[in-house]
Every structure is written in structure tokens, then in C-alpha cells.
Amino acid sequence: MPIARESVLAVLDRIPLPDGGTLVSRDLIRALTVEGDAVRFVIEAPSAEAARALEPVRAEAERALRALPGIAGVQAVMTAHGPAAPSLKIGQHPTPQPAGPQPIAGIDRIIAIGSGKGGVGKSTVSSNLAVALARQGRKVGLLDADIYGPSQARMMGVNRRPASPDGKTILPPSAHGVTMMSLGLMLKEDEAVIWRGPMLMGALQQLLGQVAWGELDVLLVDLPPGTGDIQLTLCQRTQVTGAIVVSTPQDVALLDARKALDMFRKLKTPVLGLIENMSSYVCPNCGHEAHIFGHGGVAEEARRLDVPFLGELPLDLSVRLAGDEGRPVAAGEGPIAAAYADLARRLVAGGMA
């Protein structure tokens, strides 16, 4: 029986690194291929010195994989990349571009994921949906456009600064099958972003145009909450396929979700649908299902506005724990992962992703 790619990753995820984490959690695995009974992959270290220190880890990874039934050959290659060019800076005034929304080379679809207010789980939905789409076989990118509060680096388990060979082009990291980029990777963890509107717009322009996204079926853009400069810049300067609005069921959240929907309509960005997040909660001890924030409000709003309702996502502790650990819950198994898989299948079947 052919060995599964997931089984290989599970083994590599148990190989500890000298300074903490594993080969998978630290996003060091590249070009993993499983062909018949042969496994090949690259371990990408941040520097030549780090590569030398990781040589015992490479050898241990090969030994552990050879012990798996069904594997006859394993080849692990160590490589290293240099640090980002010191001249690479994010945050500047936008540069002129042709009038009207422009496409991004190599990207088939761009989906904006927004919300009218913070705290509804928009970023969590974005990261998990990206992973779920990748598991459906799509080539997926994830852009963290929440400039003031970037969180995708933590939620996707990426902690190293992207490389830039020329000080202009940014080589984005990948995690869980998703190519991702976040301003959080360019800053110190506790460093605040204190920029006015033009700097925000310039940063978004750089994150879209200077990142080497490669060939993607879909790029998800995790927007900041509200209806501000980032949303305006994205929709007016980039060919966005459509927008998804995330809300919780209660009336207060729906008030602001309506504003986000109105904004996308005024910007002539198609609304692909609404998602009701934190729709239900099942007690892990007794199995009782509760609706902490109400239930069905987003579906009713979608019917009222004649907008597609894409589905409900539950409130569950595992979602928060997985996000904090940098391993989105959609990358695993279980009912929560299944809910995201259903959502991803619906988007693929509908031609949206």
C-alpha cells in the first residue's frame, strides 16, 4: 500500500530540533515528494551555520522514515538561505499604477475575507479556510492584510523573516500547504505599527505586488475589521474575485456586518457569501449543545439580502488552541476540521476557489 504524504509529515513532526519545535512546526520542510516507496524532501535552514547544526536532525529524519512500513528509500537534502536584504522595507507611500483594478500575475482568483467588527473570528476562519482549500488540492495563498494587528504568522506557525534576494522581491514562506505573507513577519513581535493611511496603502501594494506568490488557484486576503483604507485600496486597485463576510449570529455583530456588505457593494466587489462563525458550542463533558451568541442570525440575514449563505462554523476550544500553536485545526481531523472541509468543498464546487 502506498505511503501517505500525511504519514510522512506526521513522522517529521516528531523530530525535535535542538532549540525547540519540530521540522514541521518550524516550517523547515520543502519540496516533499512521495513516489511509490520513495520519499524525498529538503530541510531549509535559516543559515549555513544552522544547517551544519541540523545535520543530526536530517540523519534522524531519514532513519525514522525508513522505519515506516512501505518505505524503501529516503533522501533528505539540507540547504540554507540567507537573511532578508537589509534594504527591504515595508510601509511607504503607494506608487502610481494604471487606472482601475489590476490583476496579480499568476493568481487566478482573489477572495477578500472581511467583517464589520473585530472579535468575530475572521482571521481564524481565513487561516483554516486556506488550509482546508489546500487539502482539497488547490494552490492557495494567504495574505494577512490586517496591518495594525497581523496574526497569521502565529496562527500558521511561521516565525522567520522572509528572504529577499534583491531587496525588492519578497520570497514568502509556506506552511500547511499554503503560501503566506504577513507584515508580522517583517516586524518584531511586540512592535506596533503607527502609520497613516498612505503608508497602509503602500504596504498593501508591496504585499500584493512585491511578493513572489507563484502560480495560485486562489489568494485569500485576511482584511482588518471595519471599512477603512485597506479595504478601499484592495478593491479599487486589485481585481478581486469577490468577498466573504464573517459574522457571529448576534444582532450587534450583524449590524456591522451589514456595513461591510454595503461597502463591498459600493466598491463593486461581488459578495460571494456570508459565514456564521461561533454558531454553536457543544459541551465536551455532557454533550449539550448551546448557542452562546444566538443561532441562525447570519443565515436569516443572507436570505433577507439575497446573498449566498456559505455555512456555520462551531465555537470550540480546539480552534483557539490550534491557532495559538500554529497548527490550524483544519489541518487535522475531527468535526471542526470537517466543517472547514465542507466549506472549502462548497467554494471549489461553486467555482469560487
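Helix α8 (residues 251-266) has 16 residues and spans 23 Å from first C-alpha to last, close to the 22 Å expected at 1.5 Å a residue. The expected span is 1.5 Å times one less than the number of residues. The model is predicted, with pLDDT of at least 70 needed for local features and 80 or more for side-chain atom pairs, while totals for chains, interfaces and linings use all residues. Residues are numbered from 1 along each chain, and side-chain values use heavy atoms, without hydrogens and water.

**Exercise 1.** State which residues of α8 are buried and what covers them.

Step 1. Buried means under 20% relative accessible area (1.4 Å probe, protein chains only).

**Exercise 2.** Describe how α1 and α3 cross and which residues meet.

Step 1. The axes of α1 (residues 5-12) and α3 (residues 55-66) come within 10 Å and cross at roughly 135°.

Step 2. Angles under 35 degrees are roughly parallel, over 145 roughly antiparallel, 65 to 115 roughly perpendicular and the rest oblique. The two helices, α1 and α3, are therefore oblique to each other.

Step 3. V8, V11 and L12 of α1 meet A61, A64 and L65 of α3. These contact residues comprise six nonpolar, no polar and no charged.

**Exercise 3.** Is R30 buried or exposed?

Step 1. R30 lies in strand β1 (residues 29-35).

Step 2. With a relative accessible area of 17%, R30 is buried.

How values were computed
Axes fitted to C-alpha atoms, helices over the stretch in contact; angles between N-to-C directions. Helix = DSSP H or I, 4+ residues; strand = E, 2+ residues; numbered from the N terminus. Contact = heavy atoms within 4.5 Å. Nonpolar A, V, L, I, M, F, W, Y, C, P; charged D, E, K, R; others polar. Buried < 20%, exposed > 50% of the residue type's maximum accessible area, 1.4 Å probe, protein only.
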